[in-house]
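This report describes a protein model and the surroundings of its two ligands. The structure is shown first, and the description follows.

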Amino acid sequence: MNSPFSLDGKNAWITGACYGIGFAIAKAYAQARAKNIIFNARSEEAIAKAISDYHAEGIMNVHGYVCDVTDEVAIKALVERIHAEVGQIDILVNNAGIIKRIPMHEMKRADFQAVIDIDLVAPYIVSAAVLPEMMERREGKIINICSMMSELGRETVSAYAAAKGGLKMLTRNICSEYGGYNIQCNGIGPGYIATPQTAPLRERQPDGSRHPFDSFICAKTPAGRWLDPDELGGPAVFLASHASDAVNGHILYVDGGILAYIGKQPE
Ligand code: NAP
Ligand code: GCO
């Protein structure tokens, strides 16, 4: 008998899964016996490098496509191509994302818009493109990668917080609108994860000391450390599997306890 956490026979599409959180989630899906891993990225070079990284992990059933998540026409065409070349899309993870750390009063509208387009509009574009087949089959899983900034603000991340707060509500609305089709749409809200996106916040200072934000985050996290992308694997498998069939519209925060904690008092 299959475990309720098994992804046996399922095809999973994780956007922007060349490295970082998306790659970690894809690895966990392969480990949970997903039939095919599908991902997209913005260049042939990125796809080729990622395919060889997947192969190095022993993941051979992987399909990479060049496609920008903000290009609605290209995404619709890609969905057709995936159907023809791989099969149905059982699981979608809207993972691709960017951040621009600029004080809001100095930020150009184009920069604000770029973050909203990739982090909020693209999950709408990609979800809308896969929903019809999920509705027809009356089964599907959509997982949106949210953030601490779906709940909290901080200096310089206005566009990102606006997008990730919106993504939380898009998640709840997809649940509300399509739950009747046995489609579950949930979010994962990662805490501070050591990936290329957060590398500038962990860079050593010229004198070799830790970046002040690095120390700040460790003090703000009850776990006392940055989290590893692989630690998102289990929660992502849960939300993609039958084990979570009654969980819908939920944001599962995987944050080492940040949201529960008022913070350490100064010594
Ligand atoms: P990352 O290391 O920067 O990886 C992001 C991935 O998204 C890259 O593969 C990137 O590809 C891809 N991407 C960006 N824009 C794209 C587009 N328009 N079309 C297709 N692919 C695109 O980031 P990460 O830390 O793994 O983050 C993954 C997701 O988790 C993001 O949504 C992020 O906001 C969210 N998140 C991260 C953290 C954290 O602490 N790291 C915490 C909470 C939430 P390119 O190489 O082409 O840029
Ligand atoms: C930042 C970070 C965060 C994280 C993450 C937190 O500048 O504060 O990049 O926004 O990436 O989204 O959950």
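**Contacts of ligand 1**

In this predicted model, a backbone N or O atom of I193 lies 2.8 Å from an oxygen atom of ligand 1. This is a polar contact, that is, a pair of N or O atoms within 3.5 Å; within protein, one must be able to donate a hydrogen and the other to accept it, and residues adjacent in sequence count only if both atoms are side-chain atoms. K164 places a polar side-chain atom 2.9 Å from an oxygen atom of ligand 1, while a backbone N or O atom of V69 is 3.1 Å from a nitrogen atom of ligand 1. On its own, ligand 1 has 890 Å² of accessible area (Shrake-Rupley method, 1.4 Å probe), and the protein covers 92% of that area.

Ligand 1 is surrounded by 27 residues, of which Y19, R42, N95, Y160 and T195 are the closest; a residue counts if one of its heavy atoms lies within 4 Å. Helices α1 (20–31) and α5 (158–178) are the elements that give two or more residues to this shell. Helices are DSSP runs (H or I, at least four residues) and strands are runs of E (at least two), numbered from the N terminus.

**Residue N95**

N95 is found in the loop between β4 (91–94) and α4 (109–137). With a relative accessibility of 11%, N95 counts as buried, which means under 20% relative accessible area, with exposed over 50% and partly exposed in between (1.4 Å probe, protein chains only). The C-alpha atoms of N95 and W226 are 19 Å apart, and the two residues are separated by 131 residues along the chain.

**Contacts of ligand 2**

Around ligand 2 there are 14 residues, and R101, S147, R154, Y160 and Q197 come nearest. A polar side-chain atom of Y160 lies 2.6 Å from an oxygen atom of ligand 2, and a side-chain N or O atom of R154 is 2.7 Å from an oxygen atom of this ligand. G191 contributes a backbone N or O atom 3.2 Å from an oxygen atom of ligand 2. Taken alone, ligand 2 exposes 330 Å², and the protein buries 96% of that.

**Helix α6**

Helix α6 (residues 212–220) has F213, D214, I217 and C218 as its buried residues. Seen down the helix axis, these fall within an arc of 135°, so they line one face of α6; the arc is that of the directions from the axis to the C-beta atoms.

**Basis of the description**

Residues are numbered from 1 along each chain as its sequence is written, and chains are lettered from A and ligands numbered from 1 in the order in which they are written. For this predicted model, local features need pLDDT of at least 70, side-chain atom pairs count only at pLDDT 80 or more, and totals for chains, interfaces and linings use all residues, while side-chain values use heavy atoms, with hydrogens and water left out.
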